Amino acid sequence: MPKHNAFGDVVDNVKDVAGKVVSGVLEAVSPADTAPHNGVAAKAAIEPVDATALLEKDHQEVKALFAEADALSDTAYGARLKIFKKIDAALTLHTQVEEQIFYPAVKAKTKRNTEERDEVLEAYEEHAGAKDLIAKLERLDPRDETYKAKLQVLGEMIRHHVQEEETVLFPQARAALGHTELEALGRQIQIAKQKAAGKSPAPKTGGAKAPAKRTAAKRTSAKTAPAKSTTARGRRSTSSARTRTTAKKRAS
Ligand SMILES: [Fe+2]
């Protein structure tokens, strides 16, 4: 049961804010999305960046948030909750891109019972531990005596995890995957993040061209164009299916 208190509404909404809305977003990253020269990449300004560099940037950002939390006074309940919400959102998305994009690619290059495989498996388990603590914090009243302690322990877990990744796992990944594959993973990560942020990269087909077609139809056919309609809704309500077909033909 969610808690209802001075921070009740905020606490209840932490899960939404924290990026649970990204559910399904990562699955929506199709191979076509990751093609280097397709429309999605061009519209979303996907940079050719090594995946490990992107993940390290996330690490820096979340470590800065934990440092902010550490600097708060014991009774800064509201401020601590706000920072936790940012941490929650950042870590939720970060762990998803790692678990669904980066780790599987690294794991695929390792063999069972090797140090490299152990490192990837350990990373998954560290994420699981962090998620458990995050879930507890999401349900907890920020005035609870253990709230600050839990957030500090989460920070320690994340700092340890980050150091492990940056000094062991990422160097292994760079050696195993190589620059081209790391950039391809970086592209997938950027697309997933843009989708999660609600920056729809681009319509799959025809979306951007549709208004141009309607404009062309209007110019070239007084009979078929809905001259008095200035909005898309107006055009839709006054144009018949036959009209739209004609307009498409003339515009193409
Ligand atoms: Fe990480």
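In which hand does α4 pass α6 in their crossing? The answer is that α4 passes α6 in a left-handed crossing, a term used when the near helix is turned anticlockwise from the far one by less than a right angle, with right-handed used when it is turned clockwise.

Two notes before the tour. This is a predicted model, in which local features need pLDDT of at least 70 and side-chain atom pairs count only at pLDDT 80 or more, while totals for chains, interfaces and linings use all residues. Residues are numbered from 1 along each chain as its sequence is written.

## The chain as a whole

The protein chain has 9 helices and 0 strands; helices here are DSSP runs of H or I with at least four residues, strands are runs of E with at least two, and both are numbered from the N terminus. Read along the sequence, the pattern is α-α-α-α-α-α-α-α-α. Of the 252 residues, 29% count as buried. Buried means that 20 or more other C-beta atoms lie within 10 Å of a residue's own, exposed means 12 or fewer, and partly exposed is in between, with C-beta atoms placed from the backbone. Among contacts with a separation of 6 or more, residues 24 or more positions apart account for 75%; a contact is a pair of residues whose C-beta atoms, placed from the backbone, lie within 7 Å.

Let us start with α3. Helix α3 covers residues 51-70, and its 20 residues should span 28 Å at 1.5 Å a residue, where the expected span is 1.5 Å times one less than the number of residues. The end C-alpha atoms of α3 are 29 Å apart, which agrees.

The buried residues of α3 are A51, T52, L54, L55, H59, V62, L65 and A69. They cover an arc of only 155° around the axis, which puts them on the same side of α3; the arc is that of the directions from the helix axis to the C-beta atoms. As background, an α-helix has 3.6 residues a turn, so residues three or four places apart point the same way. On the other side of α3, K57, Q60, A64 and A67 are exposed.

## How α3, α4 and α6 pack

What do the buried residues of α3 pack against? Their partners are α4 (77-107) and α6 (147-196). The table gives the geometry of the three helix pairs, with axes fitted as lines to C-alpha atoms over the stretch in contact, and angles running from 0 to 180 degrees between N-to-C directions.

| Helix pair | Axis separation | Angle |
|---|---|---|
| α3 and α4 | within 10 Å | roughly 160° |
| α3 and α6 | within 6 Å | roughly 165° |
| α4 and α6 | 8 Å | about 40° |

To put words to these angles, those under 35 degrees count as roughly parallel, over 145 as roughly antiparallel, 65 to 115 as roughly perpendicular and the rest as oblique. With an angle of about 40°, α4 is oblique to α6. Helices α3 and α4 are roughly antiparallel to each other, and α3 passes α4 in a left-handed crossing. Helices α3 and α6 are also roughly antiparallel to each other, but their crossing is right-handed.

Where α3 meets α4, the residues on the α3 side include A51, L55, V62 and L65, and those on the α4 side include I83, I87, A90 and L91.

V62 sits in helix α3 and counts as buried, with 20 C-beta neighbours inside 10 Å. Leaving aside neighbours within four places in sequence, V62 is in contact with I87, A90, L91, H94 and I158. V62 and A90 are 28 residues apart in sequence and 6.8 Å apart in space, C-alpha to C-alpha.

I158 belongs to helix α6 and is buried, with 24 C-beta neighbours inside 10 Å. Beyond four places in sequence, I158 is in contact with V62, F66 and A130. I158 and F66 are 92 residues apart in sequence, with their C-alpha atoms 9.3 Å apart.

L177 is also found in helix α6, where 21 C-beta neighbours inside 10 Å make it buried. With neighbours within four places in sequence left aside, L177 is in contact with A105, V106, K109 and L182. L177 and K109 are 68 residues apart in sequence and 7.5 Å apart in space, C-alpha to C-alpha.

## A residue in a loop

Finally, N113 lies in the loop between α4 and α5 (115-139). Is N113 buried or exposed? With 7 C-beta neighbours inside 10 Å, N113 counts as exposed. Its phi is near 60°, a positive value in a residue other than glycine.

Note on methods:
Contact = placed C-beta atoms within 7 Å.
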